[in-house]
Amino acid sequence: MGKYKFVGESIPNIPWEKCSGVSDKTIWRSTKNPIIPRDLLPTSNSIFNSAVVSYNGEFRGVFRCDDKRREMLIHSGKSKDGINWDINPERINFIRENPEISEFEYGYDPRVVKIDDRYYVTWCNGDHGYTIGIAYTYDFVKFYQMENAFLPWNRNGVLFPRKINGRYAMLSRPSDTGHTPFGDIFYSESPDMTFWGKHRFVMAPTRGWQSKKIGPGHVPIETSEGWLMIYHGVLNSCNGFVYSFGSALLDLEKPWKVIARSEPYLLSPQKLYECVGDVQNVVFPCAALCDSDTGRMAIYYGGADTVTCMAFSTIDKILDFTKNNSR
């Protein structure tokens with residue numbers, strides 16, 4: 001066991017590489033990056049900003065696959081090792097629980113989390129504007145679409161892995177009709193995964209790498225220190241937006257209260273596959289696996305809005321980094 005306690009599952013086959021070079025790094029990239037190239041599918045222009053979970057000793061995921069029409073679609077995928085992926089060439093065809101739910105228009109930047117007996121998928125859905133779509137699956141074959149969580153415009157909907165004070169909980173970033181030149185993170189809760197309310201402000205952009213806008217990344221991890229949230233931040237440079245990511249700790253029972261927040265970034269776009277692509281200078285986290293036996297973490301992130309990449313750390317390293325570099 002490590003220095004800190006956290007709620008997680010045993011993942012003995014979690015993807016892992018030892019840190020090479022500087023031994024005190026908090027986070028380090030996979031030598032196999034990008035683990036998923038942009039053209040893994042014959043029809044794909046890019047595969048990035050995707051989400052992965054462990055599943056019956058293997059791994060399953062939902063992937064943003066922009067096709068060669070540049071339409072934003074979501075595909076399911078499976079893997080035995082979390083690195084080599086078999087992605088369904090056909091997009092997910094959601095089964096609507098209610099015929100009045102709008103048919104799939106587009107989808108991007110999905111997240112996946114297991115709550116009770118099913119896996120919930122959230123994504124940026126199109127329904128008269130960007131909003132948060134919700135669906136669930138038991139087997140990553142059939143996906144059942146529920147009501148959208150919010151009115152447009154909203155992005156980056158991330159569910160917590162359990163109910164908080166008896167209610168489902170979600171982080172999101174309300175936005176506008178454009179490319180969102182601002183962005184604060186908010187908390188919302190629901191008794192039934194349909195009606196969302198009790199919205200609470202969590203945190204806003206500050207300065208430096210997170211001065212323009214911020215948004216929640218992977219599903220929060222429950223630890224003895226609070227909810228660990230990795231989030232992306234954006235800097236508006238002379239060459240455009242630069243996306244990096246850092247970490248924060250939120251109160252376990254009142255997750256809109258920030259306990260600690262890293263001032264330096266965890267990871268910024270520095271490698272060629274993060275700086276050159278359809279959108280330059282982007283690292284965007286959407287998923288993290290965490291092994292309860294070793295505390296190892298495998299973080300999945302998009303590179304340059306083009307490819308899927310992986311970085312490694314441990315719960316102890318990330319929590320120490322967050323607490324020791326907080327404002």
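A residue counts as buried when its relative accessible area is under 20%. Cysteine 286 has a relative accessible area of 2%, so cysteine 286 is buried. The structure is a predicted model.

**Aromatic rings**

- The structure holds 25 aromatic pairs.
- In one of them, phenylalanine 160 and tryptophan 227, the ring centres are 5.1 Å apart and the planes stand at 80°, so the pair is edge-to-face.
- Phenylalanine 160 belongs to the loop between strand S11 (154–159) and strand S12 (168–174), while tryptophan 227 is in strand S17 (residues 226–237), so this pair ties together parts that are 67 residues apart in sequence.
- Both phenylalanine 160 and tryptophan 227 are buried.
- One aromatic cluster is formed by Tyr55, Phe94, Phe104, Tyr119, Trp123, Phe140 and Phe143.

**Charges over rings**

- Arginine 118 places its charged end over the ring of tyrosine 136, at 4.6 Å from the ring centre.
- The charged end of arginine 200 sits over the ring of tryptophan 256, where the distance to the centre is 5.8 Å.

- Four strands make up an open sheet in the order S1-S22-S21-S20, and their pairing is antiparallel.
- Strand S1 (28–29) and strand S20 (283–290) are the edge strands, each pairing on one side only.
- Within this sheet, strand S21 (residues 296–303) and strand S22 (residues 307–314) run antiparallel and are joined by eight bridges.
- Glycine 302 is found opposite threonine 308 in S22.
- Helix H2 (residues 315–324) packs on the sheet and touches S1, S20, S21 and S22. The direction of helix H2 makes about 85° with that of S22.

**Tryptophan 28**

- Tryptophan 28 lies in strand S1, and its relative accessibility of 7% makes it count as buried.
- Along the chain, tryptophan 28 and phenylalanine 312 are 284 residues apart, yet their C-alpha atoms are separated by 5.4 Å.
- Leaving aside residues up to four places away in sequence, tryptophan 28 touches Trp16, Glu17, Lys18, Cys19, Ala311, Phe312, Ser313 and Lys317.

- Strand S8 (residues 118–126) is mostly covered, with nine of its nine residues buried.
- On S8, strand S7 (residues 107–115) pairs in the antiparallel sense over seven bridges, and valine 113 stands opposite tyrosine 120 in S8.
- The hairpin of S7 and S8 has two residues between the strands, and aspartate 116 there takes a positive phi near 60°.
- S8 is also joined to strand S9 (residues 130–137) by eight bridges, and these two strands run antiparallel.
- Tyrosine 119, a member of the aromatic cluster, stands opposite threonine 137 in S9.
- In the hairpin of S8 and S9, three residues lie between the strands, and histidine 128 has a positive phi near 60°.

**Cysteines**

- A disulfide requires two cysteine sulfur atoms within 2.5 Å, and by this rule the count is zero.
- For cysteine 65, the closest cysteine sulfur is that of cysteine 286, at 13 Å, which is too far for a bond.
- Cysteine 65 is buried, and its relative accessible area is 2%.
- For cysteine 286, the closest cysteine sulfur belongs to cysteine 124, at 11 Å, again too far for a bond.

Technical notes. Residues numbered from 1 in each chain as written. Predicted model: local features only at pLDDT ≥ 70, side-chain atom pairs only at ≥ 80, totals over all residues. Heavy atoms only, no water. Phe/Tyr/Trp six-rings, centres within 6.5 Å; stacked < 30°, edge-to-face > 60°. Buried < 20%, exposed > 50% of the residue type's maximum accessible area, 1.4 Å probe, protein only. Lys NZ or Arg CZ within 6 Å of the ring centre and 35° of its normal. Pairing = 2+ DSSP bridges. Contact = heavy atoms within 4.5 Å. Axes fitted to C-alpha atoms, helices over the stretch in contact; angles between N-to-C directions.
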